[in-house]
Amino acid sequence: MPRVKKPTKVKEPIRLRMKPLSDGSKSLYLDIYRDGKRTYEYLKMYIIPETDNNARKRNQATMDAANAIKSKCIIELTNGEAGSENREKVFLLDWMNTYKENQAKRGKKDGNQIAVTIRILKDYAGERMTMDRIDKAFCQDYLDYLMTEYRPKGKRVSNFTLHTYYRILNGALNAAVRAEIIKVNPFTKINNSDKIRLPESKRSYMTIEEVRALIATPMNNEVVKSAYLFSCFCGLRMSDIVGLKWKDVFVYRRQYRLAVSMQKTKEPIYLPLSPEALKWMPERGDKTADDHVFDLPSPSMMNILIKPWVKAAGIDKRFTFHTARHTFATMMLTLGADLYTTSKLLGHADVKMTQVYAKIINQKKDDAVNLVNGLFD
């Protein structure tokens, strides 16, 4: 009897894998093998220990989402390879308009800024510039054009605005790389010192003494007060606290934690809650898993309510609900938490985003040392 040949197993170019973490959870990532090279893409999605049925359901939902991403990437990879040789040249302005439409579909509100950038690019490079001709020199000259020649209505534009026009083109080129229209974003080849820098913003924050004063001061809306102080001790943004539901709260290793998808970045964050933060979380009572933890008014109303509260506490500084997040960051660093850990608690994708708080702490050290000036003259 002839031997039946087993069918050859087709290897997937992308595989979903897990990396064990020190806290017992597992980080999901894609193992991508293409053209003899292996790369990894971490999904920022995590499998948590299955201590109960809710954890199992959450893990199943996470795996379903990760596999959907994997399938989409395989399709995009296959289609890209099949059509790469016959791909028509794409005009820069056409791609910028496509990028503008895609940003709008994602709910981004930078359409007007992209439209201005398109007009700038039209003046700078004309209408026939194609994506394949964009290189390091083009990008460097674009930056030089913004800084030396771009003068709408004959007036010089602030660095903050110029940085926006640089950031938009940079974002569009990153999107073009993901869409395989270009192989690399040329801005990555330019030194940071040669790019348009964003002026450092001054972050308003509460000192530990000021937080104590806020705690001791009554407020007309105690729920808003609790939500603000909760943010001071966990670092969540206002939008994340407004959207926080009881199903996002769980206990692992005898510590309360949050598992939320941040409203701003859509990235998941797993956040341990300190006893100090728990003091300001309301009792659950008979609320269901889908009920909100805090019953809050609109964000604008919250900012209105906290201003007289802050004034009554004797605090005289620029103040919004977001100040609580800045307060958490500076408080963690002041009390000795390292920069990397603080960045993870804040949900920052890059530790560089957290470094602005480290500069605040360094300034506080300088101010403290200078307190002795003149005492012994």
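Two residues are in contact here when they have heavy atoms within 4.5 Å of each other. With that in hand, take the contacts in this predicted model between residues at least 6 apart in sequence: 59% of them join residues at least 24 apart. The protein has 13 helices and six strands.

**Overall surface and burial**
- Out of 377 residues, 37% count as buried.
- The accessible surface comes to about 23,500 Å², and carbon and sulfur atoms account for 51% of that.

**Where H3 meets H4**
- Helix H3 covers residues 111-125 and helix H4 covers residues 136-148; the two pack with their axes 11 Å apart, at an angle of about 105°.
- Angles of 65 to 115 degrees count as roughly perpendicular, so that's the label H3 and H4 get.
- On the H3 side, the contact is made by Thr 117, Ile 120, Leu 121, Asp 123, Tyr 124 and Ala 125.
- H4 brings Phe 138, Asp 141, Tyr 142, Tyr 145 and Leu 146 to the contact.
- Sorted by type, the residues of this H3-H4 contact come out as eight nonpolar, one polar and two charged.

**The S4-S5-S6 sheet**
- Three strands form an open sheet in the order S4-S5-S6, and the pairing is antiparallel.
- Strands S4 (249-252) and S6 (268-272) sit at the edges, each pairing on one side only.
- Ignoring direction, neighbouring strands of the sheet are turned by 30° against each other on average.
- S4 and strand S5 (residues 255-261) run antiparallel and are joined by four bridges.

Definitions and conventions: Residues numbered from 1 in each chain as written. Predicted model: local features only at pLDDT ≥ 70, side-chain atom pairs only at ≥ 80, totals over all residues. Heavy atoms only, no water. Axes fitted to C-alpha atoms, helices over the stretch in contact; angles between N-to-C directions. Parallel < 35°, antiparallel > 145°, perpendicular 65-115°, else oblique. Nonpolar A, V, L, I, M, F, W, Y, C, P; charged D, E, K, R; others polar. Pairing = 2+ DSSP bridges. Buried < 20%, exposed > 50% of the residue type's maximum accessible area, 1.4 Å probe, protein only. Areas by Shrake-Rupley, 256 points an atom, 1.4 Å probe, with all protein chains shown as cover.
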